[in-house]
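Student: I am new to this structure. Could you show me how to read its features, one at a time?

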Amino acid sequence: MNTKNNKRKRESRQKIEQVLIEFLQTRELSQISVSDICKKANLNRSTFYANYVDIYELADTISEKLEAQVAELYKDEMTQGFNSNNYLVLFQHIAQNQIFYRTYFKLGYDEKYKILTYDDKLAQKHFGDCHIEYHMEFFKSGLTRIIKLWLQNGCRETPEEMFEIIKSEYRGREEFWAAK
């Protein structure tokens, strides 16, 4: 294998991805062309098409990278089959990668809920396996909206403060159900 060409290909892909992310901060995906990207990245269109079928595949690639990073944060939990509900790690990652998360949400990938998982066993414990899909939707939507609002506000609060907000919501749920 030609290492020099592999390095060049990686560098080209990184440039292309970075330029798309930059453009998405001020434009919609439909307003960005391959020509715009190539011009800003100082690359030929043939280089773009050697790496991506179209701009939508490029956007999917960026999304998949972020999803893989988030999965890596919780890899031990996923392989060992437990959920620590430690969202501090997620909020720290978001704070360090704000532009990627903004891009992810702007592209609408949050609608697929790939980035957030839900602990079915915990839901069964809390809700007696009753209407789990509604609880899942409530949790995912609420957490997603909190993350979006935090990003929109420039991540003013620390990741630790955001984690405390989430924990207080859990405590509130437990206190609510204990009173029933």
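Student: Is glutamate 57 buried, partly exposed or exposed?

Tutor: Start with the cut-offs. Buried means under 20% relative accessible area, exposed means over 50%, and partly exposed lies in between (1.4 Å probe, protein chains only). Glutamate 57 has 32% relative accessibility, so it counts as partly exposed. It sits in helix H4, residues 55–73. Helices are DSSP runs (H or I, at least four residues), strands are runs of E (at least two), and both are numbered from the N terminus.

Student: What kind of model is this?

Tutor: It is a predicted model, where local features need pLDDT of at least 70 and side-chain atom pairs count only at pLDDT 80 or more, while totals for chains, interfaces and linings use all residues. Residues are numbered from 1 along each chain as its sequence is written, and side-chain values use heavy atoms, with hydrogens and water left out.

Student: Which residues gather with Glu57 in a patch of negative charge?

Tutor: Know the rule before the case. Patches are made of residues with over 30% relative accessible area and no salt bridge; like charges are joined within 9 Å, and nonpolar side chains (Val, Leu, Ile, Met, Phe, Trp, Tyr) within 5 Å. Asp and Glu count as negative, Lys and Arg as positive, and His and the chain ends are not counted. A charge is placed at NZ of Lys, CZ of Arg, CG of Asp or CD of Glu. Here Asp54, Glu57, Asp60 and Glu64 form the negative patch on the surface.

Student: What is a salt bridge, by its cut-off?

Tutor: Side chains of opposite charge can pair when their charged atoms come close. The cut-off is a side-chain nitrogen of Lys or Arg within 4 Å of a carboxyl oxygen of Asp or Glu. The structure holds seven salt bridges. In one of them, glutamate 17 meets lysine 65 at 2.7 Å, N to O. This pair links distant parts of the chain: glutamate 17 is in helix H1 and lysine 65 is in helix H4, 48 residues apart.

Student: Why does glutamate 17 count as buried?

Tutor: Its relative accessibility is 7%, so glutamate 17 counts as buried. Lysine 65 has 40%, so it counts as partly exposed. Helix H1, which holds glutamate 17, spans residues 3–24.

Student: What is glutamate 17 in contact with, leaving aside neighbours within four places in sequence?

Tutor: Contact means heavy atoms within 4.5 Å. On that basis, glutamate 17 touches Tyr52, Leu58, Thr61, Ile62 and Lys65.

Student: What should I know about phi?

Tutor: Most residues other than glycine have a negative phi. Asparagine 42 has a positive phi near 60 degrees. Asparagine 42 lies in the loop between helix H2 (34–41) and helix H3 (45–51). At 67% relative accessibility, asparagine 42 counts as exposed. Cysteine 155 also has a positive phi, about 50 degrees, although it is not a glycine. Cysteine 155 is in the loop between helix H9 (132–152) and helix H10 (159–179). At 11% relative accessibility, cysteine 155 counts as buried.

Student: Where is glycine 108?

Tutor: Glycine 108 is in the loop between helix H7 (98–106) and helix H8 (120–127). Glycine 108 follows H7, and its phi is positive, near 80 degrees. With 27% relative accessibility, glycine 108 counts as partly exposed. Its C-alpha atom is 9.9 Å from that of serine 63, 45 residues apart along the chain. In H7 itself, Tyr101, Thr103, Tyr104 and Phe105 are buried.

Student: How many helices and strands are there in the protein?

Tutor: There are 10 helices and zero strands. Of the 180 residues, 36% are buried. Among contacts between residues at least 6 apart in sequence, 61% join residues at least 24 apart.

Key
Areas by Shrake-Rupley, 256 points an atom, 1.4 Å probe, with all protein chains shown as cover.
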